[in-house]
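Trainee: I would like a close look at one part of this structure, with the rest brought in for context. Please take me through it step by step.

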Amino acid sequence: MAAAALAAVLGIVALAALGVGGGSGGATHSFAAPRKLTPLQAYSEQSAIRAGAAGVDGARPAPDLVPLPASAFNRPFAVSRSYDARQLAVLVPELATLRAALKRDDRAAAEAAWQTAWARYLRLGGVYGEFGALDQQIDGTPGVLPGGTHDPSFSGFHRLEMGLWTGAPLASLLGWEARLSVDVYRLRRFVGHVPLDPLDYSARAHEILEDAQRDLLSGTAVPWSGAGVVGTAAGLDATEEVLGTLRGLLDGREDAIEVVDTWLVRLRATLDSIRRAHGGVWPANARLTQLQAEQLDGTLGGALEALEAIPGALETTLPPPIPPLPAPRPST
Amino acid sequence: MSPLDRRQFVTRSAALLGAGGVGALSAGGAPAAASAPASPVEALEARADAAAVANLAAAVPFDGPHQAGILTPRQAQATVLALDSIAPDQLTLREALQQLTLRARELAQGGANPLLEIDDPPADSGILGPVNAPDGLTVTIGLGSSLFDDRYGLARQRPRQLITMPNFAHDALDPTRSHGDVLVQVCAHQRDTVVHTVRELVRTVRGTLQQRWALDGFQSADRGPSARSSRRNLFAFRDGTANPDVTDAALMKQLVWVGSGGGEPAWTAGGTYLVARAIRMHVEFWDRVGLQEQQTMIGRARDSGAPLGGTEEFEDPRYDLDPTGRRIALDAHIRLANPRTTATAEQRILRRGYNYHRGFDQAGALDQGLMFMAFNQDPARQFATIQDRLAAEPMVDYITPVGGGYFFVPPGTGGPNGWIGSGLFASA
């Protein structure tokens with residue numbers, strides 16, 4: 001045990017020598033300002049605290065569970081709802097472009113229009129977890145349906161994706177496009193007053209890009225088009241939109257937002273350079289070179305490690321204490 | 001099917017491996033066992049050394065009323081292998097299954113490999129040396145529902161509950177990693193034993209049973225605090241705490257073994273249903289979630305494995321005293337999986353899963369997860385009921401079931417002349 005404590009302290013000394021102690025960065029906000037540590041710093045700090053020593057900048061850190069009032073989210077929600085309404089308004093003519101390409105039997109144009117419209121829908125990242133069954137109809141994947149791709153309720157963007165990239169006659173897809181447009185119309189009536197929850201909303205700032213890594217760049221959710229790169233770019237837009245609405249709450253509350261900003265700029269630059277390298281179009285996942293894939297996956301991973309701090313920084317309630325179990329009795 | 005006493009293993013190793021092998025092995029094991037360990041690390045070392053000596057020579061009986069590898073304590077390593085039959089007729093299929101049993105039995109018993117003519121290819125690949133140590137090997141054979149289609153005239157003998165594994169909520173089953181005519185679960189203490197066994201078995205049935213999918217698994221090491229402590233899965237939580245007691249024969253009869261009657265064909269008595277599920281765990285995402293949220297999702301403390309509010313892994317979570325979920329959330333994994341009520345007691349399953357790691361996915365994310373393996377008497381009453389309840393758990397964001405299948409595991413051979421599946425063909 002003594003050896004472990006010593007190692008932890010030595011780790012802290014080494015970090016301090018490198019100048020990574022990190023101040024709380026202009027914390028002028030009325031909320032307490034916990035720090036964002038690198039994973040290595042956090043590990044060293046937790047080890048040190050466990051061993052009875054101090055944190056990376058010499059003092060035990062204050063607990064970072066400092067709740068915000070729920071009302072602090074009223075304005076972010078209002079901004080977010082009007083952003084989403086605008087995105088859906090743009091989606092309508094984008095679907096019309098897709099419809100026109102299907103009608104004139106132009107597969108390349110239809111695929112491009114599909115990509116544009118689908119990426120538009122992904123920009124609603126802050127709220128789409130709240131759309132329920134309508135989201136399944138618009139952007140659901142067939143894996144969860146009992147009949148898979150043959151299931152009658154498999155519809156929406158991915159039903160069109162399957163048809164477009166597997167050579168289905170384009171005229172046969174017009175019905176699916178019409179159904180999608182109807183669902184989007186229904187969503188437009190709903191999106192302005194979709195119920196939002198502070199905890200879920202701040203989790204979205206982190207999880208939109210988690211979904212991009214898990215479902216899009218892996219190809220899982222886009223097996224036919226492989227459109228993970230454009231999907232990730234749309235997820236980045238959505239993340240920035242959500243973060244933008246939360247910026248006032250995050251400012252000074254954590255260094256987290258500064259670290260996140262740095263990573264999101266890098267991620268944007270990586271995506272842009274990939275697009276340029278592919279002649280200005282978003283490449284399918286499989287068309288990324290190994291180096292491009294590593295740059296994108298790695299930068300996205302770095303961004304996610306930074307984004308993980310956002311939900312914890314925006315809690316509105318302290319977790320209730322867990323009541324103890326009554327006198328233990330061995331289970332059978 | 002109780003595991004042999006360790007001392008007995010060492011005795012067996014003398015007979016099996018010869019003096020040289022035993023001498024080499026006990027050099028590491030004996031001194032550690034003799035002197036009292038001075039530190040926790042040394043205690044772990046002593047434990048590991050003693051286990052290594054015992055395990056390589058350990059043989060699990062292949063023959064019996066039930067197949068091995070079901071109630072057998074989990075060995076450290078496993079491969080689950082699904083095969084499809086390309087046999088042209090029932091007789092060819094029958095012979096392949098018979099050969100599969102014969103070879104599996106030889107390997108589980110261990111022994112010296114036969115020496116053939118020097119210009120012949122060796123009968124055994126030899127990657128374990130001239131003597132195959134049994135190493136706790138079990139080979140468990142299951143049959144998929146597709147084997148009972150119209151190809152081999154077996155449709156009337158189909159076990160009543162054997163269907164193609166359905167898509168459950170949140171599943172993303174990859175057909176190339178799902179289902180299959182025959183399933184072989186190979187478990188042993190050492191990786192090379194498992195690899196050798198898989199290689200020998202597929203060679204045995206080559207041209208008749210062809211590989212469809214496979215998944216390699218490993219068990220977390222015994223890191224205490226007690227020998228009974230459940231091992232951790234790749235979410236770092238102890239897994240298997242509430243497993244039914246395999247030494248309780250009456251309970252196994254109630255939850256695991258298919259009995260006679262009840263509409264099942266007679267040949268199935270003494271068998272069981274295996275639910276195999278390759279469950280991808282999005283571990284990077286999980287690692288980015290606060291510990292409290294992780295624990296709330298599971299319903300247990302990560303380090304001790306105790307139910308939340310408790311102190312010890314095997315404590316009863318007492319849901320009866322927590323009807324509103326103040327202590328353990330109503331949608332926590334352990335609460336939905338096993339509500340511990342009288343009504344749900346008959347739904348319990350025997351889990352025997354393995355962690356897996358198979359590199360990276362297309363997005364550069366670690367491809368890790370759980371090869372979930374569960375034995376139960378009636379998958380509709382047991383596994384599927386539980387799985388439907390789990391559709392509502394928050395943990396679904398962090399996992400994706402990607403493969404596996406339902407299989408019927410026939411009864412054991414009954415003796416050294418029997419073979420797995422013989423009852424099916426006797427009545428077909």
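Trainee: How are H3(A) and H9(A) oriented relative to each other, and why?

Mentor: Keep in mind that this is a predicted model. Two packed helices are described by the angle between their axes and the distance between the axes. Helix H3 of chain A covers residues 74-103 and helix H9 of chain A covers residues 228-250; their axes come within 9 Å and cross at roughly 155°. Angles over 145 degrees count as roughly antiparallel. H3(A) and H9(A) are therefore roughly antiparallel to each other. The crossing in which H3(A) passes H9(A) is right-handed. On the side of H3(A), the contact is made by Pro76(A), Val79(A), Ser80(A) and Tyr83(A). H9(A) contributes Asp237(A), Glu241(A), Thr245(A), Leu246(A) and Leu249(A). Sorted by class, the residues of this contact are 5 nonpolar, 2 polar and 2 charged.

H9(A) also packs against another helix. Helix H8 of chain A, residues 198-217, lies with its axis 9 Å from that of H9(A), and the angle between the two is about 175°. H8(A) and H9(A) are therefore roughly antiparallel to each other. From H8(A), the residues in this contact are Tyr201(A), Ser202(A), Ala205(A), Ile208(A), Leu209(A), Ala212(A), Leu216(A) and Leu217(A). From H9(A), they include Gly228(A), Val229(A), Gly231(A), Thr232(A), Gly235(A) and Leu236(A). Further along H9(A), the contact with H8(A) also includes Ala238(A), Thr239(A), Val242(A), Leu243(A), Thr245(A) and Leu246(A). By class, the contact of H8(A) with H9(A) has 13 nonpolar residues, 7 polar ones and no charged ones. Thr245(A) and Leu246(A) take part in the contact with H3(A), and Thr245(A) and Leu246(A) also take part in the contact with H8(A).

The next step is the nonpolar core. The largest one has 77 residues. The residues with the most contacts inside it are Trp118(A), Phe157(A), Leu209(A), Leu243(A), Leu246(A) and Ile310(A). H9(A) supplies 11 residues, the largest share of this core.

Chain A has 12 helices and 0 strands. Of its 332 residues, 47% count as buried. Among the contacts in chain A with a separation of 6 or more, 75% are between residues 24 or more positions apart. The loop between H3 and helix H4 (107-122) of chain A holds Asp105(A). Asp105(A) is not a glycine, yet its phi is positive, about 60°. With 55% relative accessibility, Asp105(A) counts as exposed.

In chain B, 77% of the contacts between residues at least 6 apart in sequence join residues at least 24 apart. A second, separate core has 72 residues, among them Phe237(B), Val275(B), Met297(B) and Trp419(B).

Asp135(B) lies in the loop between strand S3 (131-132) and strand S4 (138-144) of chain B. Asp135(B) also has a positive phi, about 55°, although it is not a glycine. Asp135(B) is buried, with a relative accessible area of 0%, whereas Asp105(A) counts as exposed.

Leu100(B) is in helix H3 of chain B, residues 90-109. At 1% relative accessibility, Leu100(B) counts as buried. Leaving out residues up to four places away in sequence, Leu100(B) touches Ile141(B), Val184(B), Leu201(B), Thr204(B), Val205(B) and Leu209(B). Leu209(B) is 109 residues from Leu100(B) along the chain, and their C-alpha atoms are separated by 9.9 Å.

One detail of the backbone remains. Gly224(B) and Pro225(B) are joined by a cis peptide bond, with omega about 5°. Pro225(B) sits in the loop between strand S6 (209-218) and helix H5 (249-255) of chain B.

How values were computed
Residues numbered from 1 in each chain as written. Chains lettered and ligands numbered in written order. Predicted model: local features only at pLDDT ≥ 70, side-chain atom pairs only at ≥ 80, totals over all residues. Heavy atoms only, no water. Axes fitted to C-alpha atoms, helices over the stretch in contact; angles between N-to-C directions. Helix = DSSP H or I, 4+ residues; strand = E, 2+ residues; numbered from the N terminus. Parallel < 35°, antiparallel > 145°, perpendicular 65-115°, else oblique. Left-handed = near helix turned anticlockwise from the far one by under 90°. Contact = heavy atoms within 4.5 Å. Nonpolar A, V, L, I, M, F, W, Y, C, P; charged D, E, K, R; others polar. Core = buried A, V, L, I, M, F, W, Y, C linked by side-chain atoms within 4.5 Å. Buried < 20%, exposed > 50% of the residue type's maximum accessible area, 1.4 Å probe, protein only.
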